[in-house]
Structure formats: C-alpha cells, structure tokens
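Let's take a walk through this structure together, one step at a time. Have the sequence and the 3D view ready.

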Amino acid sequence: MPNITIDGQTLEVKEGDNILQACLNAGLDLPYFCWHPAMGSIGSCRQCALVQYQNPSDERGRIVMGCMTQVTDGARFSLDANNAVEFREAVVESLMLNHPHDCPVCAEGGECHLQDMTVMVGHRDRRYRGKKNTHRNQYLGPLIHHEMNRCITCYRCERFYRDYAGGTDLGAQASRDRLYFGRQQDGILESEFSGNLVEVCPTGVFTDKPFLADFSRKWDLQSAPSICGGCGVGCNIAPGERYGRLKRVHNRYHNDINGYFICDRGRFGNSYVNADQRIDYAGIQDADGRFTAVDQASAIDTAGVWLKSAKIGGIGSPRASLEANFLLQTWVGADQFSSGIADIERATVDRQLQILQSTRAINPSIKQMELADAVLILGEDLTHTAARVALALRQAVRNKSLAMAKQMGLPSWQDAAVRNLAQDALSPLFVVTSYTSRLDDIAQRTVTLAPDEIAEFGRQLAARLQGEPAQSPLIEELASSLAAAERPLIISGSSMLQSNIIDAGAAIAEALCLDNPQTMLSLTAPESNTVGAAMLAHANNLSLEGMVERAVELDVLVILENDLTRRLDAVSMQKLVDSGTKIIALDVIENATVEHANMVLPAASFAESQGTLINHEGRAQRFFPVFPPAEQRLPSWQWLLQLAALSGNSQLAALTQFDQVVDACAASQPAFAHLNEVAPDRRFRDRGQKIPRQTHRYSGRTAINAGVSVHEPQQPVDHETPLAFSMEGLNRDQPSTLIPFVWSPGWNSNHALQKFQAEVDGPLKGGHSGVHVLVSSANGIDHPGAAVGNAPTDLWQLVPVHRLHGSEELSARSDEIAELAGDAFIALNAETAGQLEVAEGDRLKVIANGDSVSLAVKIVDRMAVGCAGYSYGYAATRGLIAGAGADLQRDTDWRPPQPSLIATDRQSMAVDRGSPHV
Amino acid sequence: MTQQPIQTDLNSVLSHEEIHAIDAELSHVPYKSGAAIDALKIVQERRGWVSDDCLMAIARHLDMSAEQMEGIATFYNLIYRRPVGEKVILFCDSVSCWICDCDGIKAKISQYLQIDYGETTTDNRYTLLPVPCLGACDRAPVMMVGDELITDLDDARIELLFGTHNEARTD
C-alpha cells in the first residue's frame, strides 16, 4: 500500500485510489461536487483542488484535482496551502454567481451538498452584483420537481440518469453559462430510477415533488431504519415522518444490496401510509353491510365472544412480517393455516425455495451480481419485477469496459475515460422473455418465446452445457458465452408464475457449476416477504384454495394483511364469504377483502411497526417503526397476541414483547436460529442511550401539538426497539441496522454517509446487516419433475406483464404511482395488432374462463407468438390467469369513463376512484 | 420547444436526398451517433435551420434519443434551432475587431437593418449574430454574410452592403 503525505501527515492509502478518496478515507474534508462514489470521477467541477509537490525540494507545488489524481507512493500534497484554499473558495464563488439565494424556499435547504461545501470552503460574501441566469423549468412528471436556476452544472444528473441507469430522456443541453439539464421537451421522466436524481443532485435542481407538497426540513424529520416492501429485493430505506405523516423516503445505504440507489416504487410508493383509505378504527359489520367504528377495547370484547372455544383458521400474507405470520400460524395451528399465497404462485415459490436450499450455485447479493461477466435472464422483465437488480445488471455489463480499462492501466474511477475507451462494448447479457424487457437495450441477444418455450429453451441450454450437442446456433452462442465467463449469472423468478422456467434456470446454473464454482443463480421473489412466508410453510398447511373449501367448518377466519381478491377468482372469494365463517381481517388500508370482513382491525403500516422480512436471497432484515401508530392502530403482531389470548391459546400466552416473539420464531425451526441476530434487541444502548430517531436540531417538539393542547405531552416511549422517539442520544458508530439517517458535523446532506462508511464506497462501520437464513446444502438440486406446461390451444395465451408502477398492491395506492400506472392494458406485438385490426389505445375484449374484460391495447416491440400480455396486479385484470387461453375481440361498445385519477385531483378521488387498484 | 409530443414520421420529415446525404456520412463513422453533427449540418444547409421535427427525425435515424440530439444541436452556436434569415451575418466582436471599432460598425449595421444581435430583418433576408473570431484578425474588422467573408469593414462598406436595404424592402 502506497504512503502519501498530506500537509505533513503521512497516510497509508489504498493502491489505485484517487487523492479525493484517500482524503475522505482519512477523515479529511476535501470538498467536491461532480465526483460520486458509485459513478467515479470526471473532473468537471474543479472543487476538490489541492496542491501537489513535485519533489522534496518543491515548495510551490501545483494545483491538481483530487478526484483525477491517482495516489503514488511518496507523493506529497497540501490541502491547507493558501493557493489551494483560495482556489476552492473561488470555485464556489463562481458557482454562486448564478445560484439563486433561495435556500429558504428550496426543498434541498438543510440537506444541501452545495450549502455544506460553501460553508466548508469558507465562502461567505458574494461580490457579484450583476443579474443571474434564469431558465425555464420543465414538467417532469408527478415525481420530480425541476428548478433549473439552481444548477451548478456538475453533470451528476446526466451521468446517473444516462450512464448509470440507462435513461435516454434527460441530458445536458446548450453550453457555457446557458448549460441546461432536462428533457428535450416537457414530459414524464421515463426512467424507473428517476427519483435518485433527488439524492444525486448536489443542490435543489431535482427535488422530490410529493415531498415538496407536504414539506418538512430534514432536521425536522423523524426517521428510522426500514426495509422497502415494494418487492422481494429488500432495499434498505430511510423514511422520514413529521406530524404523523410519512413525508418522504430516502435511500439507506446497504453495501450488499441497494448501495446508493433505489427504484421509484421504493421511493414514491409509500404515501399510501397517509391515505384517506387507511383504516383508523376497528370496525364491525352490521347485518346491512355497514361498518360501525368501535374502539380497541370493544373490538377485543366482541372478538372474545367470537373466539371463545371456536374453531379458528388463519390466512397469512407474503407482505406481512415474518413475526406476524409466525404468530398467526402458531395460534391457529399449521393445519388450519394458509400462507395466503394462491396455488399457482405457491408452486413456483415452493420450487424456488427448494432450489435455493440445494443449489451448488452461489445465491448472490446485488453487489455480487454487479461483478457478473455474463448474464442470462429467463422469463423476467427485471426492471419491473426486481428493479434494483436490473440497475445492478446495467453495471454488470460494464465489466467488459472495466477489463479493457484495466488492460490499459486505467483506474475504474476514471469514468469518462473508461466510457470513451469502451464505447459500446458490453459484457454479454441474454434476455429470454415472452415480451419486451427494459433491459433489451443492453442485451447482446433477446429471445422472444412463450413461457413453456422459455422452459424448453433453458432445458436445451442446460443439456448443451452438460455436453450434449447444441440444438441451434443460438443455444450454442449462449452456451459458449456463459461457459467462457468467469462469473456467469443466471436470473429467473416467479413473475411468469411457471415453475418450469425456474427449473430451467436452475438446471443451467447447475450445469455451469460443474466447471465453474463461481456460477451465480438468483431468483426474484414477488413480494417483500414471499420467501419468509414460504419458509414458514408447514407440510400440513392448507393451500389458499383449500382454505376456501375448509371455511365452512370454521367459526372464525383471521386474515392477516392480505387482499385475497388479488389472489382468488371471484367465485372462490364469494364462496369464502358465503361460508358463514366470521372473518376478522387485519389490514392497513381499505381493500376489497376488508369489505367482506365481519370485523376489521386497524393494523399499523411498515412505518409504524417493526418486523422481519426475508428477501429473495434469503436475507432476513428488520424494519423499525418511524413513528408510533395512531391511537387506535396496533401492529399486527400485537393484535394477534391479544386475539390468541382471547381464544385461550396457551402457547403464546407468555409472549408480550416483540423480542420474545422473535425468540419464539427463532426457536421454531433451525433455519431461523439466528433470527435474533438480525438486529439488536430493545435493550441495546449506546453509551447508556437508545439511538435517536430525531436529529439534534429537531424543532418544535413540545409545540407541535400546541394547536390542540398547550399542555406538553410526554414524548412517546418506545418499549420495543433500540430506537427512541427523541433527539437525545448519539447517531454515530452504531450497528448498521440502526442508522435512522445520516448526518455528521459539516455534512448535512446525504453525503454524510461517508462518515458512516468504513471506507469510501465500502461497508458501513457498523458491520454487516441482515442475516442469511436461507443456506444452501450445495448438494445440487433434485431433478425437476415433468415440466408443467400449458396445453396448446387455439386461443391467445395470457402472460402476466409486470409494471413497476401499478402491479404491486400497496404502492399502487400511492397517488403518484397510481397516476403513472395508468389504465390496465393488453400488450400485443405489432403483427398481432394488425391481425386483430387494432391500434395502440383501442379496446379489446379479453374473454377468458367465461369472463370478459375490456382492456386498452398496448403495442410492444416483442411479444411471443400466440401470446398476449395483461397488466398484472391491476384491478381490471384481476380475473385473468397467467397461462390461460383467451379470446380477443375488438371492443366497439367501450366508452371512456370519467377523467382518470391524477395525483393533484383530490376532488375526483373523493367522488370516484378510477384508479387501477379499486 | 413545444409542449406537445411531436409525432415524427421519418420519411415525411426528411427528404430522400437528405437521408441519402446522412447515410453517406454514416458510412464514414464507426458509431451512428458520430454522424450527428454532420446530419444536423446537412439538414440545416437545405432548410436554413433545424426544426423540432427534423431534430427528432435525425435522432431516430441515428438511433439516438431526442435529448442526446438536442444536446448536440444546442451545444453548437452555428446549428440554428430557430428560423434564421436567408443570410446569417456572423459579426466578429472579438479583440482584434474590437480594437478596430467593430462596435461602431455593428451600430451602423443595426441602423441600416433595424435589427440587433439575435434578430432577423422583417423581410427575412438577414439574421445578425455575434461570433468570437473568424480567423482573419489581420483584416479586422470582419464579418461573414452567408458564406462570404467580408474584411476591412468600415462605414462605407456597410453602407454599400446594407445602405439600400430599407429602400429595397419598400419596393
């Protein structure tokens, strides 16, 4: 490791790093703008200037840019040299010529990197008295607010949006002091990762639009470490709250998972927590179908009567915490319990679990996936089913350019140079799907096949890798590419609801493993705790469909955070309702299942409760309450403990605290043995205190409720977690699972993160977070059973098309996501559309299983022959089943409904909800 | 820039001749985007300027996004994204010309043509733009009118060139 000297201090630094990284690693505050740990250096902002000396006798030195200068052994630098200090201040002063003094009305104020850097360089007095540049701002959609006057032209937005995330519709325009970052014309940003601009922009050009409309300063937010519930990836998030409202979600760094970036579903899909449709009170349904609101005590009294010596069944949920699912199953008994996943999905999920428990391949984290040098995707449009993985693959395909750079002796952080060298050279990525995927633009080859054909294609590829002759030149191309790779990655998943595709993916990985132990196999999971629910499953469990049959024998059926109408067809749902069993539904927000319940109990959302979620790689992670639940709401695990006690259950009687529930769950099966290591328990103290959720500058704590009462209430006490609803305590040096927000003296923006990292872009000082509960025996997978295929028919085969905005239940209840989700659609290729004589936007009647639904036509580039895609998870397509045959007919009777929902149109929301989720 | 998305049908926007010329340039570059500047120049040469429709048609032809193409088009001062007159006057206001009183000469031009920098005469004949250097400092002050470099400017030359402009317009 080279040694360098900075202002007389000798530092041992990492070989190959640049001086900026070395300074930050040494804890020295060298200001910067355009450099980003995940995006490297381009040397455009000139802010990280310091002096480098040629030799021991050089006393003048010369100004160099820290981010563009590689460390060399014996090199001598100065941060404090007068000309370096003056230079850095001059850079900020020049940026300030055009930067408006609008911090008080800017959403970035208080967490602005530009503010921090301005203070850091000591620039105070503006000498410029002339006019400032003004720009026209653009409408960029419901998520991002544009305020171009604030731009300091660091190019980070374009570099993230285009270079890192593969977006094409945002770029630099014009030149000199007219430089402009935006779209060619007003319009909704197309990238599924546009929200990261909020954090990537060092100042307030791109800000969080919904947050802006319901704004609080960062220092006034109460935050907690949380896990995104948007999909099975389990990105770490830091939601912020004030006045009992979830204000915004920021990325929370996890070295192995999301790094610095999350998708727009994760960032903007949580405002359902504040929705009017949230359940505030317990409700009991009258004979005439109306709900009467009752308080907790009355609800418990009534439930007590129902539950006394009753036969009770329970339906869990893949979006509820592991603990809540565990409690319900333990209470009602495994043979009266269903995981709440419909059979068609359960088959794939169970198979997925078996594979991950036995495969020889590595089950990679996202960080590992980024290192793959050849990738095969089977059946997944990852940007819509596991968005963060798709973003990682956009980095993985750059491994070829990094290899080229290495050959030239070019460090990987020399971003512009590396990209210039590589041009469009990419590592091989193969996409084998039934329809257009958002990664097609970086694919070496796309293959369009019907779901069963994907499975067959995969089987043939696996056979070729095991030594059989290739069935086609295409198979040969893929096989030789994957076999030649050092770290091949196979990705499949359950989005097509066909386990034979997963089997095919696993077979390919197994075949590659024979020669290459570095082979990786990753399987996506549809919901935040699908893997957890599958791991809890017991052989005696009922299927969801089985529970419908069983319901007549039950007195009470408890449904945990699960809208069954999304999983069961209308006939089965009606059968369940008609069974006569009393339904107690716990949920966070009104939905079609809750409407059928005899009693509804208001459950706390993820932002008001704690729990464990197991992500697609089998990593258990804990989310913590950001704020206490409103008065009548309780976390599901607390409701369930109370209900279990009422029914006279003795097994759970000893449990009162969350940590005890975790311990009980940990004891329930060997795989969960380390569950209590997922995060520190409630007794954790740092220097005698809990970790504060509030910043030390949190304002108005005693005055917030003065409009209601001038008596100062006691701060809520958190008895269940290591965190406090308070500003007392230290947010520093704690375990990584307990970082509610990042802040460090002088670093108010999210760049304070580097003070929490052990090294720049490295792991957090607080160590790893999350526990792998899914460990493979590495014995190899069993031979898959006969592939379950769909019988050939004359009809169109329906394939589920997933949408980041619209397919997931809860995020689709957030106004902005609902707006972006748009109408339900039927996706066809141009040829099929021509055959059916329809154009984009026309309506088609989709007739399947005796039902008919009218959907808007969407023309896509790729759709397998004989297939038609339906927007999965939308209310209008709920009756459609993946793989089913459908007849498609032009719908000439259809008339447009009322104006569709837009985020700002509160009135129309109140009158009629034309959104995809009702 | 317009508010509404513009539907561009490549064939109806660019002429066959333009597409042919662009394709000729494409044959010289390893990446399609490498021909972006030439493509913009080809279109501008024939139409005087590059409209939104043309910009998008070119972008599509080169497999680029409208944003990327706009970035290139707006980076270069001599790609016109707004209509210009039949002839563009590129008037040098850089140091050599300035020493030789280009300011006075520019005032004369403005007086005759009734336009300032960035403006086009009402008869659409001239657009006046400043330019930092035309590489003819030894003959300063200089300007270009259309493709023609005019050197050693003085009031007499300006009068000769533009003195009858207003009369011509009223004819």
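The C-alpha centres of domain 1 and domain 2 of chain B are 30 Å apart. Domain 1 of chain B covers 10–75 and domain 2 covers 87–170, with bounds from an automatic or database domain assignment. This is a predicted model, in which local features need pLDDT of at least 70, side-chain atom pairs count only at pLDDT 80 or more, and totals for chains, interfaces and linings use all residues. Residues are numbered from 1 along each chain as its sequence is written, while chains are lettered from A and ligands numbered from 1 in the order in which they are written.

Now look at where the chains meet. Chain A gives 15 residues to the contact and chain B gives 13; two residues are in contact if their C-beta atoms, placed from the backbone, lie within 7 Å.

Next, turn to the nonpolar cores, meaning sets of buried Ala, Val, Leu, Ile, Met, Phe, Trp, Tyr and Cys residues joined through C-beta atoms within 7 Å. Buried means that 20 or more other C-beta atoms lie within 10 Å of a residue's own. The largest core has 264 residues, of which Leu327(A), Leu393(A) and Ile508(A) touch the most other members. Helix α18 (residues 499–513) of chain A supplies the largest share, 10 residues; helices here are DSSP runs (H or I, at least four residues), numbered from the N terminus. Leaving aside neighbours within four places in sequence, Ile508(A) is in contact with residues including Leu376(A), Leu461(A) and Ile490(A). A second, separate core of 22 residues includes Leu40(B) and Met64(B).

Technical notes. Buried ≥ 20, exposed ≤ 12 C-beta atoms within 10 Å, placed from the backbone. Helix = DSSP H or I, 4+ residues; strand = E, 2+ residues; numbered from the N terminus.
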